Amino acid sequence: MSEEKEALFSKNNRALLTDPLSDNNPITVQVLGICSALAITVQLKPAIVMSIAVLFVLVFSNLIVSLLRNMIPSRIRIIVQLLVVASLVILVDQVLKAYAYDVSKELSVFVGLIITNCIIMGRLEAFALANGPWKSVLDGIGNAAGYGFILIVVAFFRELLGSGKLLGYEILGHKGKTIAESTGLYQLGYENNGFMLLSPMALITVGIIIWVHRSKNRKLIEN
Amino acid sequence: MDLRKQIDKIKPHFEKGGKYEKYGPAFDGIETFLYVPNHTTKKGAHIRDGVDLKRVMMIVVLALVPATIFGIWNIGFQNMGEGQSFWAYFSFGAIRFLPMVIISYGLGLGIEFAYAIFRGHSVNEGYLVTGLLIPLIMPIDLPLWMLAVSVVFAVVIGKEAFGGTGMNILNPALVARAFALFSYAAYMSGNTVWVADAVADGVSGETVLGALGGNIMPNTSVMDMFMGYMPGSVGETSVLMILIGAAFLLFTGIASWRIMLATVIGASLTGLLFNAIGSETNILFNFPWWQHLLVGGFAFGAVFMATDPVTAAQTTKGKWIYGFLIGVFAILIRIVNPTLPEGMMMAILLMNVFAPTIDHYVIKSNVNKRKKRLQKVKA
């Protein structure tokens, strides 16, 4: 049993946590989970809630599948994985409906669509089925954090430039009907960028993040 | 003027091993702008012409001059109404228009030069035309900072991200306009933006297409449409001036007459079709098909935008298909899409995306034809 000898936060285990943040980011490097990154990043709040939801589902599905991995016949493993993920997603959906109804309505089908998020099935297939529970939990946290980080960065820029707000607070000033009624930047003639609210701009924002990321991170430079 | 001698004197500093080697691309860009370089392409399969790209771009800029001068005059004419002197109109327009040109060229060329130095390639010439096209297709009342944001977006995302001049998929000037339209819709469409100070001065700034969009048949005379005495983007209103530019482009062999003709044919046929169908609820169905060619950005787009050699189809047959579909989609969008009164920009951008696909299939069909011919000879 080599697994038990390994320290809880050995170098390898730490890499599981930090790798998906940059070198192997699920969105910017593996280009997975893009649809939700485009759909729910108009505002910061839904993006944060979505990140937490994915974190919960990914960590627990990784853990459960990893515990069951030696019992699952490989022919029906996809069905079993789906069953685990779907139960967790329903759990998240019900909790959101009960305690955060507004956000739940904003996220609409995208909570349910966590089931089809490629990141989750990808991690279950590629990692949880072949590794122990502790490592799988770390891998889940790492990947969900990498996903959530990009989601929050995109949502930050889209809400700031698109509606001039952050988490609903008007940090660029209030926009009245006329310039005289406005405050802050709007008094100077500033206008919100309507394009930022449309999904193409989310794709372009993700593209810019990938561009910056790849030109900064030497490991990702292709020749 | 001993500019040539001056340039030759400081040139060694910018060459390999010189003091300012890093800024070589910027120096090269300025030098070849001022003087024809003495090293043009001499051999190789890609030879097309003895002219280098910078001359081509300058000819397009010259072709834009009539439309630009008329546009500047028209800014004043639309705001002040009849009864003023030419210079009164022109100076009013120039005061409004020149800041837009300065911002467009200043920012765009600044980014191009920065990229050239950073990446170590020579400065791309393409911006000479784009820099003038952008202010020509914007409403005159657009706040300058919005223009600046659009220019930066068009150059960085529309062009440099793809690899610079010659590599861009979409026409950068139209990228700037599309960006501005989606970002600041209130400043890019409607009845008040097409004439300078329309709201403050109480001038009606309704365009022909704007009126039609509101289901009202406009009373602009055909002569006004042709001459361009109507509100609109700076460069787009006068079909006469655009035709002078088009004649110049065709005479020098720079732009493709196939694309221009195909665009007109496509638009005419689509217009005819909708005229024939007719409609009681949508007045655009009954707008005479040939007047579609005179209003909005159709003429300007067909002559200066659709023919952009980088983003258009390259094959002869492909050019016909590409131009024809631009005409079809432009009129289709105008008539059937209620949210977009003008469809020329969207039509060109759409076909820019499809141009490589069209070329691919034209070439493929040619290959197949030749294969069949070969089989016949063998058999």
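Which pattern does chain A follow, read along the sequence? Chain A runs α-α-α-α-α-α-α-α-α-α, with ten helices and zero strands. The model is a predicted one.

**Chain A**
- Taken along the principal axes, the C-alpha atoms of chain A fill a box of roughly 70 × 45 × 30 Å.
- Helix α5 of chain A covers residues 77-99 and holds both A:K97 and A:D93.

**Salt bridges**
- Over all chains, the structure holds five salt bridges.
- One of the salt bridges joins the side chains of A:K97 and A:D93, at 3.7 Å from N to O.
- Because A:K97 and A:D93 lie four residues apart in helix α5 of chain A, about one helical turn separates them.
- Side chains of opposite charge can pair when their charged atoms come close.

- The size of an interface is often given as the accessible area lost when the parts come together.
- Here chain B and chain A bury about 950 Å² between them, and carbon and sulfur atoms account for 70% of that area.
- No salt bridge is counted between chain B and chain A.
- Four residue pairs are in polar contact between chain B and chain A, with both residues at pLDDT 80 or more.
- On the side of chain B that touches chain A, at least two residues each come from α4 (86-119), α6 (144-156) and α7 (172-183) of chain B.
- Helix α6(B) gives the largest share of that side, with four residues.
- The side of chain B that touches chain A comprises eleven nonpolar residues, one polar residue and one charged residue.
- In total, 13 residues of chain B and twelve residues of chain A take part in the contact.

**Second largest pocket**
- The volume of the second largest pocket is about 610 Å³.
- Its lining is made of 37 residues, of which B:R177, B:M188, B:W194, B:P341 and B:E342 are the closest to the centre of the pocket.
- Two or more lining residues come from each of α7, α8 (185-188), α10 (208-213), α15 (298-305) and α17 (344-378) of chain B.
- The lining of the second largest pocket divides by class into 21 nonpolar, 13 polar and three charged residues.

**Largest cavity**
- Rolling a probe the size of a water molecule over the atoms shows where empty space is left.
- The structure holds one cavity of 30 Å³ or more, and the largest cavity has a volume of about 80 Å³.
- Among the 14 residues that line the largest cavity, B:N74, B:I75, B:W194, B:G232 and B:V234 are the closest to its centre.
- Eight nonpolar and six polar residues make up the lining of the largest cavity, with no charged residue.
- B:W194 is listed among the residues closest to the centre of the second largest pocket and among those closest to the centre of the largest cavity.

How values were computed: Residues are numbered from 1 along each chain as its sequence is written. Chains are lettered from A and ligands numbered from 1 in the order in which they are written. Side-chain values use heavy atoms; hydrogens and water are left out. Contact means heavy atoms within 4.5 Å. Buried area is the accessible area (1.4 Å probe) that two parts lose on being put together, summed over both. A salt bridge is a side-chain nitrogen of Lys or Arg within 4 Å of a carboxyl oxygen of Asp or Glu. A polar contact is a pair of N or O atoms within 3.5 Å; within protein, one must be able to donate a hydrogen and the other to accept it, and residues adjacent in sequence count only if both atoms are side-chain atoms. Ala, Val, Leu, Ile, Met, Phe, Trp, Tyr, Cys and Pro count as nonpolar, Asp, Glu, Lys and Arg as charged, and the others, Gly among them, as polar. On a 1 Å grid over the protein atoms alone, a cavity is a set of points where a 1.4 Å probe fits but cannot get out, and a pocket is an open set with protein on both sides within 12 Å along at least five of seven lines; lining residues have an atom within 4 Å of a point. Grid points are joined across faces, edges and corners, and a volume is the space filled by probe spheres set on the points.
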